[in-house]
Amino acid sequence: MRARPDLVEIFVAKGAGEACDQALQAGGATVGSELRRRRLGLALTVALGDLSGEFDLEQVTQRLSSFAEESIERAVRAAIEERTPGETPRGLAVIALGKLGSGELNFSSDVDLLLLFDPGTLPRRQRDESGEAAVWLGRRIVELLQTRTEDGYVARVDLRLRPSPEVTPIVLPVNAAISYYESSAAGWERAAFIRARCCAGDRALGESFLDAIRPFVWRRALDFGAIEQIRSVSQQIRDHYSERQRFGPGFDLKRGRGGIREVEFYIHASQLVHGGREPELRVAPTLDAITAMERAGYLKPELGRVLADAYRRLRTAEHRVQMVGDQQTHLLPCDEAALDNVARLHGFGCGGDLLGWLGPCVEQVGEAFDELAEGGSERLPSNSDLLREKVEELGFPEIETAMRRIAEWRSGRPRSLRSTAATDAFEGMLPALLKAIAKSADPMRALNRLSDVVERIPSGVNLYRLLEARPALTTLFARILAHAPALSDQLARRPSLLDTLLDSSCFDPPQDSADFAELLEQETRSLPYDLALDRTRRLINERRFALGVQLIDLREDPLSVGEGYSRVAEGAIVALADAAVGEFEEAHGRFPGAELLILGLGRLGGGLLTHASDLDIIYLFTRPEADSSDGRKPLGPADYFNRLANRVNAALSVPTPAGPLYDVDTRLRPQGEQGMLAVSLDAFGDYQRNEAWTWEHMALCRARPVFGSAAARSKAEALVSEILNRPHDGEKLIADAVKMRDDIARNKPASGPLDVKLGPGGLVDLEFAVHTLQLLHKKGLEPRLERAVEQLAQAGLLHEKIADAQKLLIKMLVTIRLVAPETTSPSEESCELMAKACGADSWPQLLARHDAARHSISILWERVKGAAS
């Protein structure tokens, strides 16, 4: 205040904001002296605003951080101008970490920086080697900021957060840094980059670096290992600064138990776990991050208030300590008089009042972090006798089998358990999971499937940590293991699917196919074609997995789940066909006025699939206006659209590293497997009018366009309607239908009494009856089977109870494809789940309804068959 009375006068007359603005007008003979004088004036005016209550904590830290960032930019430009006059700051980027990265600098903070350069664009003198030039610039920037002169200093610079600081130069080649973070970085370095941003120099270079390492920081799979890494670093800090851990005089406000660092670490742990899947959680400022975690439901509001209040108080006390002599310290004074002095800066009468203000919140933060840091969970005994007692206590019906499974896992042979981290995570989650499995409907089946998962997954550490961190999820996991081998197989291929169940939106009703297609396209728009296919498979399989879980967990009706499967498939067709078309057009161009059109048939056309359904499709194309496409590799119409159809087929069906997707069946096209994969709409119409068999017209009863422009879809719908409404010889129609049904029964007999598809009175009988009536009477020509049945009933062509029979059998089919995909004989326990899913009170009641439904369908089919006579 004695050095800058002018600023004091402005503060008294006009307030701290005006005084700060004036402080930033200070000049100097050099960039260094100017920045130092501005820094001194700003520190004074921000302190006055802080102590007077004119500035809150966020305003204080924002003003200090903004000045530091501006100063670094000035230093970068000055250093480059000094070395290479006239050059702009290209090829050199400054990444801000720590409190500067989040805009939360205190009065005496270091600025944590990572300096990067691009050898190809860094300005340098003709004789300079790029690495040497970069290091010279780095040293000069640090000198401009940090060296103390008669005007003071600008900022203390800390470059130790760079990779291997003991052996690496202070400025790193950007590609070397990317390589390090992609392959060799330690876990704690992920937390350091939560608050990273490019603050000076070549912003494009800095942003491209941060984009490149984003997958290292924000992992899409939920990574509860981040909590373990935070625990480890925190314990090291507590041990290293053990003499300053206890609250009282001498307490370390930053590193002590319940201090600033533990508030930050608590939030960072949750951000690292969930931020990969939820970008809105990637918030750098601590208080904003607390709010984001509360909003997302990962932080209880009462704990969020505790952490935010503690953070404000601790940071404020830290500022008071640092205002005394511009000390770079985080310690409350041990000396009573010095502590009283700090307390009076905040308006307290003595140091005891300051301690009373801070103490309760420090203890609350300490207790919250202790819970996080303690971690760990109950472990199964290693002693075989004690382990047997535990297994018996859990209630497994086959003790020896359970003991043998545990011994196999502990042998180290399963590939998912060959690392110490994986074994530790597995042992941590195993007690709770075994307890849930023992209580499941079929414990031994679930235990055997768990063994399959453990053996087949390439790396289980994240799955095991997830189950340990979310005990409630183990019950659902056990339910999947007990009832759904198809879902268990998916988990064995991709354990991160379980992550999706932590997002409550995965249990929302299935979204519209157009919305899902748009989501897929948004997620893959910037990716190369092969990576887009991989990413699309992951998203589609996540949605299919979630739909299966909704059914197994009795959250959704099987009909709703079946419709969801269909909407997902239709969205997948649109997104993948669009991607394939775009990629194909890059080489072969377009056909003006012509386009690819896809018809969905069978269950896809009917808008209701099971977990295991094929996609029955026909590829068509509208009439071209030219003889060849307009690309650099032109093709004729037939060649063009057949190659394109083959590309779409591959996009839908070929496995990628993300796994398989759909089996596609195109045998319903003209001439079947002997015909071309794609035919023109006109040729398709000619074939259907003049050459198609009766069964092809029956298949067309459930045809609807699933890809193509609105105009092309309308043409296809009109053509299908015209074909179906053409007159049919009733006697021949029925005779052909009966022969076809008999051929199916002979060549593909029912697999058992619960084969609701192929057995007598099953869904195939119903479909033959419905399609025969549709073609015979030109009524109910609707691709969705349930609507067709309703319309035929309204026309008096079948009994109304057929609609209920059809819905029941569809429910049973959708459910049985999940619980018993290889057979039609679900286990006794899964039978009870099936009964509940299908709306029955018990399995016997469901069987009675099933028998009645099939009886009514058998009567209908016999009546239709007899109509010819």
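This is a predicted model: local features need pLDDT of at least 70, side-chain atom pairs count only at pLDDT 80 or more; totals for chains, interfaces and linings use all residues.
Colleague: Let's start with the core. Which residues have the most contacts inside the largest nonpolar core?

Modeller: F396, W409, L501 and Y619. That core has 170 residues. Its largest share, 14 residues, comes from helix α25, residues 558–588. There is also a second, separate core of 51 residues, which includes V8, F117, L137 and I170.

Colleague: What does W409 touch, leaving out residues up to four places away in sequence?

Modeller: Its contacts are P414, L417, F426, L430, L434, L447, L450, S451 and V454.

Colleague: Now the rings. What makes F591 and F641 a stacked aromatic pair?

Modeller: Two values decide. A pair of aromatic rings is described by the distance of the centres and the angle of the planes. The centres of F591 and F641 are 5.8 Å apart, and the cut-off for a pair is 6.5 Å. The planes are at 25°, and stacked means under 30 degrees. Both tests are passed, so the pair is called stacked.

Colleague: Why do you say that this pair ties parts of the chain together?

Modeller: F591 lies in the loop between α25 and β6, while F641 lies in helix α27, residues 637–653. These parts are 50 residues apart in sequence, so the pair ties them together.

Colleague: How do you know whether F591 and F641 are buried or exposed?

Modeller: Buried means under 20% relative accessible area. F591 has 3%, so F591 counts as buried. F641 has 2%, so F641 is buried as well.

Colleague: Why is F621 with F641 also called stacked?

Modeller: The ring centres are 4.5 Å apart and the planes are at 5°, so the pair is stacked. This pair also links distant parts of the chain. F621 sits in strand β7, residues 615–621, and F641 in helix α27, 20 residues apart. F621 counts as buried, because its relative accessibility is 6%.

Colleague: Which other aromatic features can I look up?

Modeller: The structure holds 15 aromatic pairs. Ring pairs link Y180, Y181, F193, F209 and F216 into a cluster.

Colleague: What makes you say that the charged end of R83 sits over the ring of W136?

Modeller: The charged end is 4.7 Å from the ring centre. The distance limit is 6 Å. R83 is listed as sitting over the ring of W136.

Colleague: Back to β7. Why is β7 called largely enclosed?

Modeller: Seven of its seven residues are buried, so the rest of the structure largely encloses β7. Both faces are covered. L615, I617, Y619 and F621 are buried on one side, and D616, I618 and L620 on the other. In a regular strand the side chains alternate between the two faces of the sheet.

Colleague: How do you know that β7 pairs with β6 and with β8?

Modeller: Strand pairing takes at least two bridges. Six bridges join β6 to β7, and these strands run antiparallel. L596 stands opposite F621. β7 and β8, residues 664–665, have two bridges, in the parallel sense. There, V664 is the bridge partner of L615.

Colleague: Last one. Why does S680 count as buried?

Modeller: Its relative accessibility is 18%, and the cut-off is under 20%, so S680 counts as buried. S680 is in strand β9, residues 678–680. Leaving aside neighbours within four places in sequence, S680 is in contact with L620 and F621. Its side chain also reaches the backbone nitrogen of A683 at 3.0 Å.

Conventions. Residues are numbered from 1 along each chain as its sequence is written. Side-chain values use heavy atoms; hydrogens and water are left out. A nonpolar core is a set of buried Ala, Val, Leu, Ile, Met, Phe, Trp, Tyr and Cys residues joined through side-chain atoms within 4.5 Å. Buried means under 20% relative accessible area, exposed over 50%, partly exposed in between (1.4 Å probe, protein chains only). Helices (H or I, at least four residues) and strands (E, at least two) are DSSP runs, numbered from the N terminus. Contact means heavy atoms within 4.5 Å. Rings of Phe, Tyr and Trp (its six-membered ring) pair if their centres lie within 6.5 Å; planes under 30 degrees apart count as stacked, over 60 as edge-to-face and the rest as tilted. A charge sits over a ring if NZ of Lys or CZ of Arg is within 6 Å of the ring centre and within 35 degrees of the ring normal. A polar contact is a pair of N or O atoms within 3.5 Å; within protein, one must be able to donate a hydrogen and the other to accept it, and residues adjacent in sequence count only if both atoms are side-chain atoms.
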